[in-house]
Amino acid sequence: MNTTDAKRVLETALICTHQPLQVRELRVLFGDELGADTIKDLLGQLQDEWAQRGVELVCVATGWRFQSRPEMREYLDRLHPEKPPRYSRAVLETLAIIAYRQPVTRGDMEDIRGVTINTQILKQLEDRGWVEVIGHREAAGRPALYATTRQFLDDLGLASLDQLPELQSPAQQGVFEALAESVMPQPELAIEDTAADPETRPEA
């Protein structure tokens, strides 16, 4: 199979899928005849070819996907004018602390914010799929340790936590403002959204 045909296969699979695809999954398209490095090179070429379009190919935490560019959102919103969910300042502050200080306990968050955190705030973030309990601290009461999920990274269009805005301290105002600006999910090209397998690891 030549390069043009291989890119066409990748492009079709990524456009038609309902969730990001990892490199190892894309190799299955070619019966494992193409190596991971070749697949990554072809994906890079596809990124360049779509560079001037309203849709872009990106690598997020759970794999590769096509999504609309942020500057297209105001136009796409006219097709579906429903108001997006709005999150309170307390929710955004709590999410920012978890994102930048993870893993953290509820007590850690309360120390940073200086106020008691309502249980419903953590439940709201868990229900949204942005945070999860990843263990318990070996301390009195064994408090739960919270961390962000791959879904959180996917919704922000990021491949890893390293791509979060560089900020000196999650206690600073700038963290909350930066996260509030980027907290809305990136629109995907796929019509449906299927939760990724939490056991899978991302491949760039």
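A salt bridge is a side-chain nitrogen of Lys or Arg within 4 Å of a carboxyl oxygen of Asp or Glu. In this structure, Arg89, Glu93 and Arg113 are linked in a network of such salt bridges.

The model is predicted: local features need pLDDT of at least 70, side-chain atom pairs count only at pLDDT 80 or more, and totals for chains, interfaces and linings use all residues. Residues are numbered from 1 along each chain as its sequence is written, and side-chain values use heavy atoms, with hydrogens and water left out.

**Figure 1. Overview of the protein chain, with nine helices and four strands.** Helices (H or I, at least four residues) and strands (E, at least two) are DSSP runs, numbered from the N terminus. Their order from the N terminus is α-α-α-β-β-α-α-α-α-β-β-α-α. The protein chain has 204 residues, of which 37% count as buried. Buried means under 20% relative accessible area, exposed over 50%, and partly exposed in between (1.4 Å probe, protein chains only). Of the contacts between residues at least 6 apart in sequence, 60% join residues at least 24 apart; a contact means heavy atoms within 4.5 Å.

**Figure 2. The salt bridge between Glu93 and Arg89 in helix α5.** The closest N and O atoms of Glu93 and Arg89 are 2.8 Å apart. Both residues lie in helix α5 (residues 89-101), four residues apart, which is about one turn of the helix. Glu93 is buried, with a relative accessible area of 10%, whereas Arg89 is partly exposed at 46%. The network that holds these two residues also takes in Arg113.

**Figure 3. Two further salt bridges, Arg106 with Glu110 and Arg78 with Glu74.** A search of the whole structure finds twelve salt bridges. Between Arg106 and Glu110, the closest N and O atoms are 3.5 Å apart. These two residues are four apart in helix α6 (residues 106-113), so about one helical turn separates them. Arg106 is partly exposed at 30% relative accessibility, and Glu110 is partly exposed at 23%. The side chains of Arg78 and Glu74 meet at 3.9 Å, N to O. Arg78 counts as exposed, with 59% relative accessibility, while Glu74 is partly exposed at 46%.

**Figure 4. The antiparallel pair of strands β1 and β2.** Strand β1 (residues 55-60) pairs with β2 over six bridges; two strands pair if DSSP finds at least two bridges between them. A hairpin of two residues joins β1 to β2. Val55 has Ser68 of β2 as its bridge partner. Six of the six residues of β2 are buried. In a regular strand the side chains alternate between the two faces of the sheet.

Figure 5. Arg69 is buried, with a relative accessible area of 15%. Its side chain reaches the backbone oxygen of Arg53 at 2.6 Å. Leaving out residues up to four places away in sequence, Arg69 touches Trp50, Ala51, Gln52, Arg53, Gly54, Val55 and Glu56.

**Figure 6. The aromatic pair found by a search of the whole structure.** Trp50 and Phe66 form this tilted pair, at 4.7 Å centre to centre and 50° between the planes. Rings of Phe, Tyr and Trp (its six-membered ring) pair if their centres lie within 6.5 Å; planes under 30 degrees apart count as stacked, over 60 as edge-to-face and the rest as tilted. Trp50 lies in the loop between α3 (36-49) and β1 and Phe66 in strand β2, so the pair ties together parts 16 residues apart in sequence. Both are buried, Trp50 with a relative accessible area of 10% and Phe66 with 2%.

**Figure 7. Backbone details at Pro103, Asp32 and Arg142.** Most residues other than glycine have a negative phi, and most peptide bonds are trans. The peptide bond from Gln102 to Pro103 is cis, with omega near -5°, and Pro103 is in the loop between α5 and α6. Asp32, which is not a glycine, has a positive phi of about 60°. Asp32 lies in the loop between α2 (23-27) and α3 and is partly exposed at 49% relative accessibility. Arg142, also not a glycine, has a positive phi of about 45°. Arg142 lies in the loop between β3 (131-136) and β4 (144-148) and is partly exposed at 43%.

Definitions and conventions: Polar contact = N/O pair within 3.5 Å; in protein donor to acceptor, adjacent residues only side chain to side chain.
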